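Please keep the model in view while reading.

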Amino acid sequence: MATTLQHSEPLVVLASTNTIITLPDDTLLLTPATITVSSVTGKILSVVREVLARSSFPSNTTYHDLSPKFLLPGLVDAHVHLNEPGRTEWEGFNTGTKAAASGGVTTVVDMPLNAIPPTTTLAGFQEKLRASQGQCWVDVGFYGGVIPGNAGELLPLVEAGVRGFKGFLIDSGVDEFPAVSSKDIALAMTALKDSPTTLMFHAEMLPPITASVGDNVQISDPPLAPKGDLFSYSTFLESRPPAFETYAIEEIVSLASLAPKLHLHIVHLSAVEAIPILRKARKDGVNITAETCFHYLGLAADDIEDGDTRHKCCPPIRSQTNQDRLWEEIVEAQGEGCIKTIVSDHSPCTPELKLLPPHLQTVDGNSLRPSMHHSDSGVDMTLPSEHDHDPKSCSHLRPELKSHDSGVVMSLPSESPSPLEEQADPLSSTTISCCITTAITHTNPAPTQRSHPITNTNQGDFFAAWGGISSVGLGLPILHTIATDRATHSLPAPDLVDMVRMCSQATAQQVGLYHRKGAIKVGHDADFCVFDADERWVLRSGEMRWKNKVSPWEGKQFQGRVRESWVRGQKVFELGAPGSGFILGKPTGQAITEKRTA
């Protein structure tokens with residue numbers, strides 16, 4: 001081969017007996033392969049389906065035989081909240097993209113909300129781009145946002161290079177990104193109907209009141225008053241039922257005829273009750289897909305302890321039965337399945353906003369007051385001002401609940417000890433998995449013991465805590481661990497080829513980057529993930545690369561670990577190397593602003 005290859009620049013070569021390449025018809029294949037990369041352009045020059053020896057290449061070639069580790073295309077996480085500028089204390093480009101790189105994610109796409117300003121105007125997008133300069137360790141694309149009144153901004157954002165748009169059908173939790181009405185959705189669909197883009201939805205929506213009829217509607221409780229202990233996860237789960245998701249998706253599908261060519265997408269689908277609706281819509285010709293998240297596939301409501309607000313996210317983590325059905329659906333993704341992609345929805349905040357109980361805290365317990373207005377389940381979680389309360393009492397840390405739907409102030413039930421205050425017994429099991437209790441196990445005993453009762457009545461409150469799961473860069477170990485365990489029990493599970501399809505190929509297609517990302521293919525960016533499928537390890541807080549070291553994945557044991565990440569022909573991360581593994585010493589990722597064409 002050395003005699004037939006003529007290149008003016010030095011080559012970089014990666015080889016492995018276990019490589020997942022993309023064939024010309026876009027089929028994925030696990031095969032021995034040798035990949036030749038231009039050290040100048042960072043593009044893949046050739047893919048040979050065998051492992052060639054070092055002697056096959058010119059003497060100035062940089063050669064890496066990674067066998068028997070898996071050589072995969074770099075993952076594309078199409079749902080990441082980086083939050084900069086404006087809420088950089090939650091997450092930023094530097095730390096968020098470091099976390100991505102440590103987990104084989106070589107491209108992330110940033111969500112338009114939680115930053116200030118949000119990416120809902122061209123000016124806001126330009127400000128975000130300025131904030132990203134010189135900070136990204138992997139390549140970063142950007143979404144725009146759909147909010148009431150910004151339909152005129154959508155086409156300029158398409159021209160500026162955003163990869164798609166996201167809107168909320170329920171309160172987003174931050175004032176600067178309000179929910180859209182059906183009228184707003186119609187305007188967005190009409191504006192984007194001929195554009196090569198994707199219109200995405202946080203598909204939760206408050207259903208109409210149907211439980212109360214006749215004269216009783218005048219005296220019944222407001223529709224969203226929590227009916228249970230606010231420290232109990234079951235109370236929170238019941239406050240966001242599957243009907244929130246199905247009602248929203250039905251509304252979106254009903255408007256799809258306004259833009260029949262426009263790709264519609266449901267982000268972070270959690271409720272399996274929505275699957276038949278989406279399947280029927282697709283069968284009827286609606287161009288709609290869905291994604292689910294690593295936490296919906298690896299965490300189950302059955303195992304969430306009262307007060308463990310690390311698990312709070314919206315839509316919520318649902319039951320084990322629900323999770324099993326999600327696994328079945330993703331296995332069918334190549335056929336009739338509607339869930340085509342899996343993403344992190346990395347949605348971090350400061351530890352203070354999580355209102356963790358003492359045994360889970362990583363910050364000073366005296367500072368555990370949320371510092372911002374937010375809402376949950378359509379309920380206003382604004383805390384009363386400090387001066388209105390007796391400083392000796394902690395009852396003022398209970399939120400005042402106000403229904404956004406009716407505007408009625410709802411009093412909480414009379415104060416009573418939470419189950420966490422009444423019980424100090426350890427859990428009988430500390431294990432989570434899809435449906436097998438050995439897949440991902442807790443090896444850190446501290447978070448699983450109720451040895452420290454909650455003394456501040458606001459700590460561990462699922463309604464007052466901010467929602468979001470931190471997990472960018474953990475996706476491949478999460479999926480591989482649970483899928484391996486499921487397969488040993490003869491349950492439906494994807495293999496590594498399927499994981500690449502859903503976490504790299506399909507996500508790149510979703511955001512219009514498949515011409516350069518998401519494949520080991522000639523002409524594509526040389527983005528690679530080197531994965532050891534056998535290594536067992538435990539996630540400790542010190543190994544979390546994101547800014548705030550809070551995640552329900554802490555203490556979990558995984559099978560499979562990313563050893564290296566390459567972006568455009570450069571190795572950016574190597575586990576165990578100096579500089580916490582970031583061997584280049586400085587970020588070289590790029591902001592992707594090319595106009596989308598497909």
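The model is predicted. Lys98 lies over the face of Phe582, at 5.1 Å from the ring centre. Another charge over a ring is that of Arg561, whose charged end sits over Trp537, 4.1 Å from the ring centre. The table sets out both.

| Charged residue | Ring | Distance to ring centre |
|---|---|---|
| Lys98 | Phe582 | 5.1 Å |
| Arg561 | Trp537 | 4.1 Å |

Next, the sheet. Three strands make up an open sheet in the order S6-S7-S8, with parallel pairing. Strand S6 (75–80) and strand S8 (139–142) are at the edges with a single partner strand each, so one side of each has no neighbour in the sheet. On average, neighbouring strands here are turned by 25° against each other, direction ignored. Strand S7 (residues 105–110) is joined to S8 by 4 bridges, and the two run parallel. Asp110 stands opposite Phe142 in S8. Helix H1 (residues 93–102) packs on the sheet and touches S7 and S8. The direction of H1 makes about 140° with that of S7.

Now the aromatic pairs. The count comes to 13. One of them joins Phe236 and Phe463 edge-to-face, at 6.0 Å centre to centre with 85° between the planes. Phe236 belongs to helix H5 (residues 233–239), while Phe463 is in the loop between strand S20 (440–441) and helix H12 (475–488), so the pair ties together parts 227 residues apart in sequence. Tyr233, Phe236, Phe462 and Phe463 form one aromatic cluster.

Notes. Residues numbered from 1 in each chain as written. Predicted model: local features only at pLDDT ≥ 70, side-chain atom pairs only at ≥ 80, totals over all residues. Heavy atoms only, no water. Pairing = 2+ DSSP bridges. Axes fitted to C-alpha atoms, helices over the stretch in contact; angles between N-to-C directions. Contact = heavy atoms within 4.5 Å. Phe/Tyr/Trp six-rings, centres within 6.5 Å; stacked < 30°, edge-to-face > 60°. Lys NZ or Arg CZ within 6 Å of the ring centre and 35° of its normal.
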